[in-house]
Structures are given as C-alpha cells and as structure tokens.
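Dear colleague,

Please find below the structure that I am handing over to you. The notes after it describe what was found in it.

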Amino acid sequence: MSFSNFKALSTKPLENSEAVWMKLVKLTYSDSKSQTRTWESAERTTRPKSSDIDGVGIVAILEMPEGPQIVLQKQYRAPIDMVCIEVPAGLIDNGETTEAAAVRELKEETGYIGKPSETSPMMYNDPGFCNTNLRMVHVTVDMSLPENQNLKPELEEDEFIEVFLVPLTNLYAECKKFEAEGFAIDARVGTFAEGIEVAKQFKL
C-alpha cells in the first residue's frame with residue numbers, strides 16, 4: 001500500500017460543539033496541601049456505558065517455523081501527520097467484552113482469526129493529557145487454519161492499513177530502522193520492544 005498521498009492539509013481550533021470523538025474539559029481538583037488547582041484534559045465521548053475502557057490493543061504473535069513473529073501494521077495518523085507502526089487496536093462497542101472486541105478488531109484489521117489467551121490490567125495512554133484507557137489482549141492465532149492462510153480483512157471505508165510481521169527477536173532493531181525511515185513508533189510497540197530487550201539484558 002502506498003501512503004504517499006496522505007498529508008495534513010490544515011489545522012484549526014475545534015469547538016466542543018463540532019467534536020464527534022472527543023471533548024476538552026477543565027478539571028478542578030485538590031492537591032496534597034488541600035490547595036485547589038485546575039487541569040486541562042481531553043476525553044473520548046465514545047466510551048460505552050457498559051465498559052470501563054475505551055478500547056483494546058492486540059498482541060498477536062504467530063508461531064512460525066523461523067521463530068515467533070508479531071503482527072504489526074502501518075497506518076497514517078493525521079494528528080502527527082505520519083505513518084505509524086502499531087499493533088492492531090480499536091474502540092470497544094457497546095455491550096462488548098474486552099476479549100470479544102480484540103478478536104473482532106484483529107479480524108477486521110488484519111484478517112487473522114484468533115482466540116484471546118491473556119488480558120492485561122487497565123492501562124492509560126497519556127494520563128497527563130487525557131483519560132483514554134485500554135487493555136492489551138494477547139490473542140493466539142492457529143496458523144494451521146485455512147482462514148489464517150487466506151486472509152480477508154474487513155476494513156472500513158476510511159481505514160487504510162498495511163499488515164506485516166516482524167520477528168520478536170528483531171523488534172527493537174526494527175523500531176529503530178522504521179524511525180530512521182521516517183515512520184512514527186506507537187508507544188505500545190516501542191514499550192513492548194523495550195521489554196524484550198530488558199528481558200534479554202537481565203536474562204529474565
């Protein structure tokens with residue numbers, strides 16, 4: 001897939017009345033000295049009432065003959081005007097469990113069909129800026145299944161995603177390579193890669 005035509009065309013202030021996906025809020029809180037303070041924050045408006053999280057990130061690792069490989073994707077992100085290296089991810093639907101959301105998003109974005117095997121604690125993406133949160137779901141993909149040999153993603157009209165695999169042992173080096181090539185690295189991918197390197201260093 002070519003991302004050459006993607007580029008930010010303009011930027012202007014957004015009023016809350018125009019916003020569809022998020023809103024800006026002014027928080028008032030009391031600090032450790034009982035002093036009243038304020039904080040500017042962004043909040044998603046899409047979190048279902050039935051859920052305590054906004055979305056899911058998906059760790060899908062394929063057991064290949066040459067070694068384990070993680071499913072990643074390239075996707076243009078307008079807020080940074082860059083193509084980003086990411087794990088599959090998405091917002092949770094009303095009435096949907098965390099695990100069901102992960103299986104659905106993995107199928108829609110990559111075509112892979114998997115089963116959830118582990119769900120992380122709740123994580124906050126950028127708590128100094130917004131209240132957006134998620135859980136990471138580890139999904140097992142059976143590569144012997146025919147449907148995982150002939151992938152059929154179900155992308156939405158405004159989704160443009162390129163799926164690829166990276167060997168786990170090379171993930172940190174690949175992140176550095178992608179950055180040198182002009183890609184942005186999603187924090188979830190970068191942190192996962194850092195964790196692998198720390199595990200190698202301390203022989204965990």
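A residue is called buried under 20% relative accessible area, exposed over 50%, and partly exposed in between (1.4 Å probe, protein chains only). Please note that this is a predicted model, in which local features need pLDDT of at least 70 and side-chain atom pairs count only at pLDDT 80 or more, while totals for chains, interfaces and linings use all residues. Residues are numbered from 1 along each chain as its sequence is written, and side-chain values use heavy atoms, with hydrogens and water left out.

Aromatic rings

The structure holds six aromatic pairs. Rings of Phe, Tyr and Trp (its six-membered ring) pair if their centres lie within 6.5 Å; planes under 30 degrees apart count as stacked, over 60 as edge-to-face and the rest as tilted. One of the pairs is Phe6 with Tyr76, which is stacked because the ring centres are 4.9 Å apart and the planes are at 25 degrees. This pair links distant parts of the chain, 70 residues apart: Phe6 lies in the segment before E1, and Tyr76 in strand E4 (residues 67–77). Helices (H or I, at least four residues) and strands (E, at least two) are DSSP runs, numbered from the N terminus. Phe6 is partly exposed, at a relative accessible area of 28%, whereas Tyr76 is buried, at 15%.

The pair of Phe164 and Phe178 is edge-to-face, since the centres of the rings are 5.5 Å apart and their planes are at 65 degrees. Here the partners are 14 residues apart, with Phe164 in strand E10 (residues 161–167) and Phe178 in helix H2 (residues 171–180). Phe164 is buried at 14% relative accessibility, and Phe178 is buried at 8%.

Phe3, Phe6, Tyr76 and Phe160 form one aromatic cluster.

Positive phi values

Which residue other than glycine has a phi near 60 degrees? That residue is Ser34, which is placed in the loop between E1 and strand E2 (36–44). Ser34 is exposed, with a relative accessible area of 60%. Asp81, also not a glycine, has a positive phi of about 55 degrees. Asp81 is found in the loop between E4 and strand E5 (82–86) and is partly exposed, at 38%.

Yours sincerely
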